[in-house]
Amino acid sequence: MISKETIDKIFSTARVEEVISDFVNLKKSGSNYKGLSPFVDEKTPSFMVSPAKQIWKDFSSGKGGNVVTFIMEQEHYTYPEALRYLAKKYHIEIEEDETELTEEQKEIQLNKESLYQLSEVANEYFQQQLWDEEEGKTLALSYFREREIRDEIIKQFQLGYSPKSRSAFTTYALEKGYKREALEKSGLGIFKEDSEIGYDRFRERVIFPIHSFSGRVLGFGGRVLQNHGKTAKYLNSPESEIYHKSQTLYGLFQAKTHIIKEDNCYLVEGYMDVITLYQNGIKNVVASSGTSLTTDQIRLIKRLTPNITILYDGDPAGIKASFRGIDMILEQEMNVRVLLFPQGEDPDSFARKHTTEEIELYFKQNIKDFINFKTDVLLEETQGDPIKKASLIRDIVGSIALITNLIQQEIYIKECSRLLDISEQVLFSELAQISQPKENKENSSSAPRPQLQAINKQSSKEVDFTYKIEEDILDLMLSYGDFEIEIKYQDEDETYSTTVIEEIVQKLQEDDIQFSIDFYNKIFHDIIEGLENNELRTGSYFVKSEEEEFTHFAAEKMLKKYSISKNWEAKEIFVPTLEQNLAKNTKDVILTYKSMKIIQMKNALALQLKDKYLTDEKRITIFKQLMNLDTLLKRIKQLENRVM
């Protein structure tokens, strides 16, 4: 187990804004940062990061927490995995406690972590084979150098080689203690049912490791060096617990900072396309290798930039693929441009034949927005045929219909009108016809048929209000619990100093009040435990908890989505903040909660009075209880300075 001292050092060193900016394009927003949610698809940024409080909150998905929980959510790591990731990023040496994991904990960590570890071991092995072994240097290293890839780029992308021997890596991994099951799940080793000896999936191939957003090795791509008839030229790792082809992009780990800087992402098809362009100065480039472009891949890019430029071969297959990609990107409300290379060229071959300056000039002169690109390509096919031209127009307007921004739609319609020599009115009419069925379909699918349900309105409102007031109490303790306040109740001569946490805990405990939700009680009892140890446990304590439920809740309370505009202050409109009215709000929320609890008790007693079998003695007792509760309620109302 990672020692508490190491965990404390990680939390004190890691900066939440630095870590999250590796995954999300953050922009300054007052004292905080804002960006698009990395967890859901959204149009307006609702992902907030507070450097001052070292927390984040995603108001779209409801998730939130600290720097560790972000890595857990983003990379699907366990708590220890996330800590190790941050320790590595900030060069913190991990000290281990001698406490042993339980068998259950070991089993939970075993499957996924063993795949990550095995992938890292394989990555190191393949690189060692490339640089240190004669076979690797002769076959693989010479191959890369023939492709004019410099050594520093080979090392940066961690390229490697899997030797000819049928089971070289499988034998190596088994000797290292990795089990057959892990080798099979990762796809690195293949075993026949009746054999304990496996063979290597990637033997006699140069290796391209595929990294996660954060740099962990998820899987591999392998390219043959010699053509063996039916052998596939490229081979990828199979789907596994850690590798999902449709959710990864080759080169994204190396390119992400450049994508943010350039505010644009170049999208290509192959591993070598990425590497050669990167070497030639085009570093904001990724590939959808191993799969056709997917929505998840587009969303990965959208976290970093709203702009994608598709780079495709200048052959019919490349053109057809670009059409499909254009519409998928537009559906994700992103801006898309296209570049076709000359016939017979691909990004790799073109980059190897030209200097960086020539590549940049070619890009500048030949990149087109999707309207111009589609028009140029499809007009060649019409050749004066009015039927084909009508089909072309409908195709282009269909792409425009995918754009939700009305201003952009109108601009593209005007451009389409100019290029195709057809009136804007006709194009807008066609746009309306294409859009209408889509809207009808969305409305019918998203609006379920209403069903009659019996609802106890009074009890529903009562329950909702109970949860709300309890949440407000916890909000005060987590956000302002260690603030000192001056409190005075109506029947007391002088004010007294206390903290928000101490005041709330004392007033609720004196009446033995419990929260209605178990989760709220867990937090409340944790706060009480802190007081018993002379500790004020506010949000900054809970946001570091290993329990995600605690960290999400604490982050939500500490990082509010809305704040008072600076413009109000400039216009001399001053609104008292919660902090400025802290003593009054603390007193009010306690008294309101007690009033609500008394009313709930009265309602419960009133229900008992409806029992026709109730004895006279019991009925009198209930009436006395109700009178006492009425007296208490009046007393609280007086303390609240409210009129009954």
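Select helix α6 (residues 134–146): α6 lies across β6, β9 (205–211) and β10, and runs at about 130 degrees to β6. The model is predicted, with local features needing pLDDT of at least 70 and side-chain atom pairs counting only at pLDDT 80 or more, while totals for chains, interfaces and linings use all residues. Residues are numbered from 1 along each chain as its sequence is written, and side-chain values use heavy atoms, with hydrogens and water left out.

Some terms for the tour follow. Helices (H or I, at least four residues) and strands (E, at least two) are DSSP runs, numbered from the N terminus. Angles run from 0 to 180 degrees between N-to-C directions, with axes fitted as lines to C-alpha atoms, for helices over the stretch in contact.

**Stop 1**

Next, select β6, β9, β10 and β11. These 4 strands form an open sheet in the order β6-β9-β10-β11, with antiparallel pairing (two strands pair if DSSP finds at least two bridges between them). At the edges are β6 (160–162) and β11 (234–236), each of which pairs on one side only. On average, neighbouring strands of this sheet are turned by 35 degrees against each other, direction ignored.

Go to strand β10 (residues 217–224), which is joined to β11 by 3 bridges and runs antiparallel to β11. Pick G222 here; the bridge partner of G222 in β11 is L235. Helix α11 (residues 271–279) also packs on the sheet, touching β9, β10 and β11, and the direction of α11 makes about 80 degrees with that of β9.

Now colour α11 by burial. Buried means under 20% relative accessible area, exposed over 50% and partly exposed in between, with a 1.4 Å probe and protein chains only. Of the 9 residues of α11, 9 are buried, among them Y271, D273, Y278 and Q279. Just after α11, G281 has a positive phi of about 95 degrees.

**Stop 2: the five-stranded sheet**

Move to β1 through β5. This open sheet of 5 strands has the order β1-β2-β3-β4-β5 and antiparallel pairing. Its edge strands are β1 and β5 (64–65), and each pairs on one side only.

Start at strand β1 (residues 27–29) and strand β2 (residues 32–35), which pair in the antiparallel sense over 3 bridges. S29 stands opposite N32 in β2. The hairpin of β1 and β2 has 2 residues between the strands, and G30 takes a positive phi near 70 degrees there.

From β2, step across to strand β3 (residues 47–50); 3 bridges join β2 to β3, and the two run antiparallel. G35 has F47 as its bridge partner in β3. At the other end of the order, strand β4 (residues 55–58) is joined to β5 by 2 bridges, again antiparallel, and W56 stands opposite G65 in β5. Then show helix α3 (residues 67–75), which lies across β3, β4 and β5 and runs at about 40 degrees to β4.

**Stop 3: a helix pair**

Select helix α16 (residues 370–382) and helix α18 (residues 406–420): their axes come within 10 Å and cross at roughly 30 degrees. The two helices are therefore roughly parallel to each other (angles under 35 degrees count as roughly parallel, over 145 as roughly antiparallel, 65 to 115 as roughly perpendicular and the rest as oblique).

Show side chains at the contact, where contact means heavy atoms within 4.5 Å. F370, I371, N372, T375 and L379 in α16 meet Y412, E415, C416, R418, L419 and L420 in α18. The residues of this contact divide into 7 nonpolar, 2 polar and 2 charged. Here Ala, Val, Leu, Ile, Met, Phe, Trp, Tyr, Cys and Pro count as nonpolar, Asp, Glu, Lys and Arg as charged, and the others, Gly among them, as polar.

Centre on T375 in α16. T375 is buried, with a relative accessible area of 1%. Leaving aside its neighbours within four places in sequence, T375 is in contact with I396, L419 and L420.

**Stop 4**

Finally, select L478, in helix α20 (residues 457–480). L478 counts as buried, at 2% relative accessibility. Leaving aside its neighbours within four places in sequence, L478 is in contact with residues including I523, T538, F542, F553, A554 and M558.

F553, A554, K557 and M558 are among the buried residues of α24. A555 is also buried; the C-alpha atoms of L478 and A555 are separated by 9.3 Å, and the two residues are 77 residues apart along the chain.
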